[in-house]
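Q: Could you take a close look at one part of this model for me? I'd like to know what the side chains are touching there, and then how that part compares with a few other spots along the chain.

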Amino acid sequence: MKTIGWIGVGIMGKSMVRNLMKAGFQLRIYARNRAKVEDVIQEGASFFDTIGACVQGCEAVVTMVGFPQDVEEVYFTPGAILDRAEPGAYLIDMTTTSPSLAQRLWQEGTRRGFRVLDAPVTGGDTGAKNGTLSILVGGQEADYQACLPLFRAMGTNINRQGEAGCGQHAKLANQIMIAGTLSGVCEALAYARDKGLNLSVLLDSLSTGAAGSKQLDAFGEKIIRGDYGPGFFLKHFVKDMTLAQEEASRDGLALEVLSQALVNYKALEQEGWGDLGTQALIKHYEADAPKAE
């Protein structure tokens, strides 16, 4: 496996493409806006104007797009991946999307002779840059084993979660954990600020104790500084939490913490903050926070 077609070169996808090239893979890329990927083109990636042209001749095709509807578009549109990828190619969707869509893609892809994996990731832009992502894989064991060299170029914690769709279920469990943890971080900082505490001293005091967490490490100082730059878009987190809530509701499972976090995040998105990072949740606790323009 040497030639990889890559669809969707965004905040995380760009770093993942770079790490694959560093590992010796040849990258063929497609993005809607060429200007945004000129840097990786200059670094050696081959750009194609259409998805169909991009995936031809590739032993594996990786997709890293935004929303479930984008996944459907890049795979099922006539002339796109399922119509133009090489017979027997590995099709790897690394987007966080619905488990049912992952299962549908596996069924249709398998019917057409492809080997399909769902492999969403966690670790944010930092993990993507450093090649330390956690990769959550669903699909057949043999296909997972065959794609390990590709995954190891991008991540360090790589595990098969089960059959098709299980990678997506694992990612939604991850997002449920983050929703509760980051909500707790923001509520604690809002409380401490209201009581006049020095927030930097508080972080130093709590980060190595029982309240410490990856979310606190990643976003505590950023929240204090008012740095809401996206390592992961708020609007994409809303999408992920919505998928998790839908999956839980389908089985009659009540997830109250997730539900409240989703209400809070949706309100921020409606106020125009969707392109900020997930740490912008702190704005929910700031009564005088300005609305986005």
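A: Let's start with Met241, which touches Ala179, Leu258, Ala261, Leu262 and Tyr265 once you set aside residues up to four places away in sequence. Keep in mind that this is a predicted model. Met241 sits in helix 12, a helix that covers residues 234–250. How buried is Met241, in relative accessibility? It comes out at 0%, so Met241 counts as buried. For a sense of distance, take Leu82: Met241 and Leu82 are 159 residues apart in sequence, and their C-alpha atoms are 28 Å apart in space.

One of those partners, Tyr265, takes us to the next residue. Leu182 touches Tyr265 too, along with Gln215, Phe219, Thr278, Gln279 and Leu281, again leaving out residues up to four places away in sequence. Leu182 belongs to helix 9, and with a relative accessible area of 0% it is buried.

Helix 9 runs over residues 166–194 and helix 11 over residues 214–225; their axes are 11 Å apart and meet at an angle of about 40 degrees. As helix 9 passes helix 11, the crossing is right-handed. On the helix 9 side, the contact uses Ile178, Thr181, Leu182, Val185, Cys186, Leu189 and Arg193. Helix 11 answers with Gln215, Leu216, Phe219, Gly220, Ile223 and Ile224. Sorted by class, that makes 9 nonpolar, 3 polar and 1 charged residues in the contact.

Which of its residues are buried? They are Gln215, Leu216, Phe219, Gly220 and Ile223. Looking down the axis of helix 11, you'd see these buried residues fall within an arc of 130 degrees, so they line one face of the helix. That buried set packs against helix 9 and also against helix 10, residues 199–206. On the other side of helix 11 you'll find Lys214, Asp217 and Arg225, which are exposed. Just past the end of helix 11 comes Gly226, with a positive phi of about 75 degrees.

Back in helix 12, have a look at His236. His236 has a relative accessible area of 16%, and since buried means under 20%, it still counts as buried. Its contacts, apart from residues up to four places away in sequence, are Gly66 and Phe67.

Two other residues are worth a click. Ala102 is in helix 6, residues 99–111, and is buried at a relative accessible area of 7%. Beyond four places in sequence, Ala102 touches Asp118, Gly165 and Gln168. Ala119 is 17 residues along the chain from Ala102, and their C-alpha atoms are separated by 9.6 Å. Ser15, in helix 1 (residues 11–22), is also buried, with a relative accessible area of 9%.

How many disulfides turn up in a search of the whole structure? The search finds 0. Take Cys54: the closest cysteine sulfur to its own is in Cys58, 5.7 Å away, which is too far for a bond. The cut-off for a disulfide is a pair of sulfur atoms within 2.5 Å. Both cysteines are tucked away: Cys54 is buried with a relative accessible area of 0%, and Cys58 counts as buried at 2% relative accessibility.

How values were computed. Residues are numbered from 1 along each chain as its sequence is written. This is a predicted model: local features need pLDDT of at least 70, side-chain atom pairs count only at pLDDT 80 or more; totals for chains, interfaces and linings use all residues. Side-chain values use heavy atoms; hydrogens and water are left out. Buried means under 20% relative accessible area, exposed over 50%, partly exposed in between (1.4 Å probe, protein chains only). Axes are lines fitted to C-alpha atoms, for helices over the stretch in contact, and angles run from 0 to 180 degrees between N-to-C directions. Helices (H or I, at least four residues) and strands (E, at least two) are DSSP runs, numbered from the N terminus. A crossing is left-handed if the near helix is turned anticlockwise from the far one by less than a right angle, and right-handed if clockwise. Contact means heavy atoms within 4.5 Å. Ala, Val, Leu, Ile, Met, Phe, Trp, Tyr, Cys and Pro count as nonpolar, Asp, Glu, Lys and Arg as charged, and the others, Gly among them, as polar. The arc is that of the directions from the helix axis to the C-beta atoms.
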